[in-house]
Amino acid sequence: LGDVYKRQLYGGTAVRYYPDGQTMLADMLPALQSAERSIFVESFIIGMGEMWGQIHEILRRKAAAGLDVRVIYDDAGCLSLLPHNYAELLRAEGIRAFSFNRCVPVLNLVMNNRDHRKIMVIDGKIGFTGGVNLADEYINHIQKHGRWKDAAVMLEGEAVRSLTAQFLQMWGILKEPEYEQFLTRPIPVPENAKGVAAPYGDCPLDGERVGEMVYIDLLNRARDYIHIMTPYLILDGELETALKFAAERGVDVHLILPGKPDKQFPYALAKSHYSALLDSGVKISEWTPGFTHAKLVVMDGVEAVVGTINLDYRSLYHHFENAVWMRGTDCIANMEADFQDTLTRCRRVE
């Protein structure tokens with residue numbers, strides 16, 4: 001069932017794009033307030049503060065009112081941010097919760113497999129996903145590495161089923177997934193639905209590099225341009241070749257990366273790719289106000305991807321990830337406009 005939902009195309013879906021965490025949160029809070037049956041939350045990082053405080057208060061009240069409220073967070077992502085028994089504290093409030101892949105102080109390759117997904121599903125009808133974790137730097141309430149740039153989407157309609165399925169698949173680590181009761185309910189078609197959307201997941205354990213193959217597919221089919229924002233650039237040979245080949249055949253391939261790093265080692269590794277990419281005609285710009293955490297691809301103005309999948313080895317090979325591929329949706333023009341606006345505050349790498 002996971003594979004079916006990973007590849008399913010959905011019409012009857014409206015997609016709204018958010019160029020930062022602040023605007024996403026402004027729509028997320030009333031959507032949470034409107035919940036009548038269930039709220040599912042999955043995040044790599046949850047941090048105590050203004051953003052999570054507002055969300056947590058709504059979750060607590062909805063759970064007390066009898067709604068099915070569930071939270072999954074990654075243990076490594078939250079290791080220094082939450083109490084070690086935070087899942088127990090949430091359960092005491094009526095919120096069903098667990099921390100994914102508990103960290104143990106031994107050398108263990110399984111520790112590489114982190115839950116890097118960001119999924120929120122409300123009543124099976126409204127879904128949020130993208131790069132935004134649930135902590136204050138993601139809404140620029142605090143600034144750790146200059147201004148934080150991100151990207152996210154809200155889905156309404158049929159495509160939300162796939163986000164629900166992905167959440168339940170991860171929840172099924174604890175017990176048998178409850179697909180039937182959540183995936184068979186009818187979902188109203190929004191009036192502004194246009195184009196198709198395909199939320200998909202990537203699992204490090206199934207031998208399929210779905211996230212990387214989607215990126216390579218877009219690069220191979222691009223005719224005019226492919227514009228990409230990514231916080232990290234640690235490429236294998238296949239992805240680097242696809243980027244170079246697209247530029248060499250005349251496609252405008254342009255990458256926006258952070259001007260201020262959050263981690264020095266990945267920042268240095270990214271620069272190790274610059275020379276080969278520039279020699280092939282790939283354009284590279286760095287966002288000077290701070291750190292861009294967005295995972296955004298726009299191809300020829302007709303297709304786009306927004307999600308959690310970085311152009312780096314950990315996202316492409318080790319992590320549980322998710323994203324949304326879309327074609328013909330109205331918000332693709334907004335994504336390209338955001339790319340061009342972001343470019344005005346970048347320095348071009350020569």
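I started at L32 and skipped its neighbours within four places in sequence; it is in contact (heavy atoms within 4.5 Å) with I39, I55, I58, L59, K62, M120 and I122. This is a predicted model, where local features need pLDDT of at least 70, side-chain atom pairs count only at pLDDT 80 or more, and totals for chains, interfaces and linings use all residues. Residues are numbered from 1 along each chain as its sequence is written, and side-chain values use heavy atoms, with hydrogens and water left out.

Next I looked up the largest nonpolar core, which has 44 residues; L32, I55, L59, V71 and F128 touch the most other members. A nonpolar core here is a set of buried Ala, Val, Leu, Ile, Met, Phe, Trp, Tyr and Cys residues joined through side-chain atoms within 4.5 Å. Buried is under 20% relative accessible area, exposed over 50%, and partly exposed in between (1.4 Å probe, protein chains only). Two or more residues of this core come from each of α2 (21–33), β2 (38–43), α3 (50–64), β3 (68–74), α4 (86–92), β5 (119–122), β6 (126–130) and β8 (152–157). My helices (H or I, at least four residues) and strands (E, at least two) are DSSP runs, numbered from the N terminus. Another core, of 41 residues, lies apart from that one and has I72, F100, A197 and F339 among its members.

**Helix α9**

Which residues of α9 (264–271) are buried? I found P266, Y267 and A270. They sit on the same side of α9 because they cover an arc of only 105 degrees around the axis, taken from the directions from the helix axis to the C-beta atoms. Q264 and F265, on the other side of α9, are exposed. Covering the buried residues I noted, among others, β11 (252–258), α10 (274–279), β12 (283–287) and β17 (346–348).

**Largest pocket**

On a 1 Å grid over the protein atoms alone, a cavity is a set of points where a 1.4 Å probe fits but cannot get out, while a pocket is an open set with protein on both sides within 12 Å along at least five of seven lines; lining residues have an atom within 4 Å of a point. Grid points are joined across faces, edges and corners, and a volume is the space filled by probe spheres set on the points.

The largest pocket holds about 610 Å³. It is lined by 28 residues, with F44, I45, Y232, D262 and K263 closest to its centre. Helix α11 (313–318) gives the most to this lining, 3 residues. I count the lining as 11 nonpolar, 9 polar and 8 charged; Ala, Val, Leu, Ile, Met, Phe, Trp, Tyr, Cys and Pro are nonpolar, Asp, Glu, Lys and Arg charged, and the others, Gly among them, polar.

**Cavities**

How many cavities of 30 Å³ or more does the whole structure have? My search gave 4. The largest has about 110 Å³, and M28, K118, I119, V132 and L134 are the closest to its centre out of 15 lining residues. At least two lining residues each come from α2, β2, β5 and β6.

Of its 13 lining residues, R37, D123, G124, F182 and R185 lie nearest the centre. By class I get 5 nonpolar, 3 polar and 5 charged.
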